[in-house]
Amino acid sequence: MTHQGSCHCGRIAFEVDGEPGPVIECNCSHCSAKGYLLWFVPRESLRLSTPEADMSTYTFNTHSIQHHFCPVCGAAPFGEGTGPDGVATAAVNVRCLQDVDLSALEVKHVDGRSR
Ligand SMILES: [Zn+2]
């Protein structure tokens, strides 16, 4: 199934193929601040329907992940990077997907804070 996602104001819109879950809730300082609930998919499963240049991007630490966010409304719908296996990967914030029942998703808690 294809799910529609966007930031709050719609400046960033995309669709992603697959079924969300289990999703990752990480307690590191960055994930906590953003409130991410992340679903990892191959980057090719995600199609941006708005211009790439309309997104702002935050990186930190090793700068290996591009955390995209909307410069207008501040929502952070997804990030992208390269997985350990060398595959281009997107981390979709399922909170920014329409028609997904968040309470029905299996959540895996990751202790990123102590790493
Ligand atoms: Zn926005």
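The structure holds two aromatic pairs. In this report, rings of Phe, Tyr and Trp (its six-membered ring) pair if their centres lie within 6.5 Å, and planes under 30 degrees apart count as stacked, over 60 as edge-to-face and the rest as tilted. One of the pairs is formed by Y58 and F60, and this pair is stacked, with 5.6 Å centre to centre and 20 degrees between the planes. Y58 is partly exposed at 38% relative accessibility, and F60 is partly exposed at 31%. For these classes, buried means under 20% relative accessible area, exposed over 50%, and partly exposed in between (1.4 Å probe, protein chains only).

The model is predicted: local features need pLDDT of at least 70, side-chain atom pairs count only at pLDDT 80 or more, and totals for chains, interfaces and linings use all residues. Residues are numbered from 1 along each chain as its sequence is written, and side-chain values use heavy atoms, with hydrogens and water left out.

### Salt bridges

There are four salt bridges in the structure. A salt bridge here is a side-chain nitrogen of Lys or Arg within 4 Å of a carboxyl oxygen of Asp or Glu. Strands and helices are DSSP runs numbered from the N terminus (helices H or I, at least four residues; strands E, at least two).

| R11 | D54 | 3.7 Å |

R11 and D54 form a salt bridge with the closest N and O atoms 3.7 Å apart. R11 sits in the loop between β1 (2–6) and β2 (13–17), and D54 in the loop between β5 (46–48) and β6 (56–58), so this pair ties together parts that are 43 residues apart in sequence. Both ends are partly exposed: R11 has a relative accessible area of 34%, and D54 has 23%.

E15 is partly exposed at 26% relative accessible area, and R47 is partly exposed at 33%. Together with D17, these two residues, E15 and R47, are linked in a network of salt bridges.

R43 lies in the loop between β4 (38–42) and β5, while E80 is in strand β8 (residues 78–82), so the pair ties together parts that are 37 residues apart in sequence. R43 and E80 are both buried.

### The sheet of β1, β2 and β5

Three strands make an open sheet in the order β1-β2-β5, with antiparallel pairing. The edge strands are β1 and β5, each of which pairs on one side only. Neighbouring strands of this sheet are turned by 20 degrees against each other on average, direction ignored; axes are lines fitted to C-alpha atoms, for helices over the stretch in contact, and angles run from 0 to 180 degrees between N-to-C directions. Two strands pair if DSSP finds at least two bridges between them. β1 and β2 run antiparallel and are joined by five bridges. The bridge partner of Q4 in β2 is E15.

### Cysteines

The whole structure contains zero disulfides, a disulfide being a pair of cysteine sulfur atoms within 2.5 Å. The closest cysteine sulfur to that of C31 is in C28, at 3.8 Å, which is too far for a bond. C31 is buried at 11% relative accessibility, and C70 is buried at 1% relative accessible area.

### L97 and P20

L97 is placed in the loop between β9 (88–93) and β10 (107–110), and at 8% relative accessibility L97 is buried. Leaving aside its neighbours within four places in sequence, L97 is in contact with H3, Q4, G5, F14, V16, P20, W39 and V92; contact means heavy atoms within 4.5 Å. E52 is 45 residues from L97 in sequence and 18 Å away in space, C-alpha to C-alpha.

P20 is in the loop between β2 and β3 (23–26) and is buried at 13% relative accessibility. Not counting residues up to four places away in sequence, P20 touches H3, W39, V94, L97, V100 and L105. P20 and F40 are 20 residues apart in sequence, with 8.5 Å between their C-alpha atoms.
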